Amino acid sequence: MIIRTARTPRALYHHCSQGVKSGPVWGPQRVTSPQRWSRAGATRSFSREKVFPLRTPAERPLTPPEHRERDMGCFECCIKCLGGVPYASLVATILCFSGVALFCGCGHVALTGTVTMVENHFSRVTSDHATLTDVVQILQYIIYGIACFFFLYGIILLAEGFYTTSAVKEMHSEFKTTVCGRCISAMFVFLTYILGLGWLGIFGFSAVPVFLFYNMWTTCGAMKSPIANLTSVDNICVDVRQYGIIPWNATPGKACGSTLSDICNTSEFYLSYHLYIVACAGAGATVIALIHYLMILAANWAYLKGLCQQTHAYQDIKTRDDQELQDVQSRSKEGLNSYS
């Protein structure tokens, strides 16, 4: 007697688990043939019954990477791209570009204003400040070279940060490290260290004109104070010849009294003084950026070195396993030949 009944997935799971001794069953089951009940009604049996459990998420076939990328939405793609950005290198690059731009731009204009101020107030003979003019031109050419070099160097370091980021390595599974790549990373570490020392010197050098202009600024401020009324204002002077800017035979070489006050009120002095301060701050920002770069490059180099050691260890284990497998296969073949 065949009884056809419609059962819910929960009841069907209960009967299948009692009639079929199998592994864990996942989800609703599908039975191809009806249940057969014995006339006594005490026992149940399944004849020609096949149970097809649904696959678990771990047993389902994996989707190819290109299909997964195709199925992702715009938001998921943006999140994936943002995960591959080396934010530390990006911050260091922005700081480096800002510092170099401030130093080069403000320093160039401040040097031009300084030459103009010296020509108009401290050295009216062209031969006296000819050396100063040549030095300023050389410094301006050096500023052009520094700006171009650090623009390219910052882009190179940012690209190196992109290619050594762990998120990029996860996206590109065929990423491999080579001896040449590790040597390039070590070279960047050494070069950044040397450039950092050089910028420390530039930072100290850029503080010298700030100190000179600050002395002139405080002298002009002292002329306006009540203490200056006790003495003659004409006795308060600033002699730029003692700083080595112009030779000792330059005329007039110094400014006193009202002449000094007029110099402090000119646009060349006011603009050059504040531009020198900004240029010095830009040099300091560049030093901080290079220190940041140095930490990033050292960390990337250590990461590449560790990854290379892990790769070598994996290759050694794989080679050892292959050799053991070949030995087992050769021994099994010898055993079969001897048995035959």
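Trainee: In which helix does L90 lie?

Mentor: Helices (H or I, at least four residues) and strands (E, at least two) are DSSP runs that are numbered from the N terminus, and L90 belongs to helix 4. Please keep in mind that this is a predicted model, in which local features need pLDDT of at least 70 and side-chain atom pairs count only at pLDDT 80 or more, while totals for chains, interfaces and linings use all residues. Residues are numbered from 1 along each chain as its sequence is written, and side-chain values use heavy atoms, with hydrogens and water left out.

Trainee: Does L90 count as buried, partly exposed or exposed, and why?

Mentor: A residue is buried when its relative accessible area is under 20%, exposed when it is over 50%, and partly exposed in between (1.4 Å probe, protein chains only). L90 has 32% relative accessibility, so L90 counts as partly exposed.

Trainee: Which residues form a nonpolar patch on the surface?

Mentor: Patches are made of residues with over 30% relative accessible area and no salt bridge, where like charges are joined within 9 Å and nonpolar side chains (Val, Leu, Ile, Met, Phe, Trp, Tyr) within 5 Å. Here the patch is formed by F75, I79, L82, Y87, L90 and I94, which together have about 610 Å² of accessible area. Helix 3 (74-83) and helix 4 are the elements that give two or more residues to this patch. Accessible areas come from the Shrake-Rupley method with a 1.4 Å probe, and for residues only the protein chains shown count as cover. For the chain, the accessible surface comes to about 22300 Å², of which 64% belongs to carbon and sulfur atoms.

Trainee: How many helices and strands does the chain have?

Mentor: There are nine helices and four strands, and from the N terminus on they run α-β-β-α-α-α-α-α-α-β-β-α-α.

Trainee: Which residues of the largest nonpolar core have the most contacts inside it?

Mentor: A nonpolar core is a set of buried Ala, Val, Leu, Ile, Met, Phe, Trp, Tyr and Cys residues joined through side-chain atoms within 4.5 Å. The largest one has 49 residues, and those with the most contacts inside it are V100, F122, F150, W199, M216 and L260. At least two residues of this core come from each of helix 4 (87-121), helix 5 (130-163), helix 7, helix 8 and helix 9, and helix 9 gives the largest share, 13 residues. Of the 340 residues of the chain, 30% count as buried.

Trainee: Which residues does M216 touch?

Mentor: Contact means heavy atoms within 4.5 Å. Not counting residues up to four places away in sequence, M216 touches F122, V238, L260, I263, C264 and F269. With the same exclusion, S272 touches A110, G113, T114, F213 and S267. S272 lies in helix 9 (residues 267-339) and, at 2% relative accessibility, counts as buried.

Trainee: Which side chains meet in a salt bridge?

Mentor: Side chains of opposite charge can pair when their charged atoms come close. A salt bridge needs a side-chain nitrogen of Lys or Arg within 4 Å of a carboxyl oxygen of Asp or Glu. The structure holds one, between D239 and R241 (3.0 Å, N to O). D239 is buried at 17% relative accessibility, and R241 is buried at 15%.
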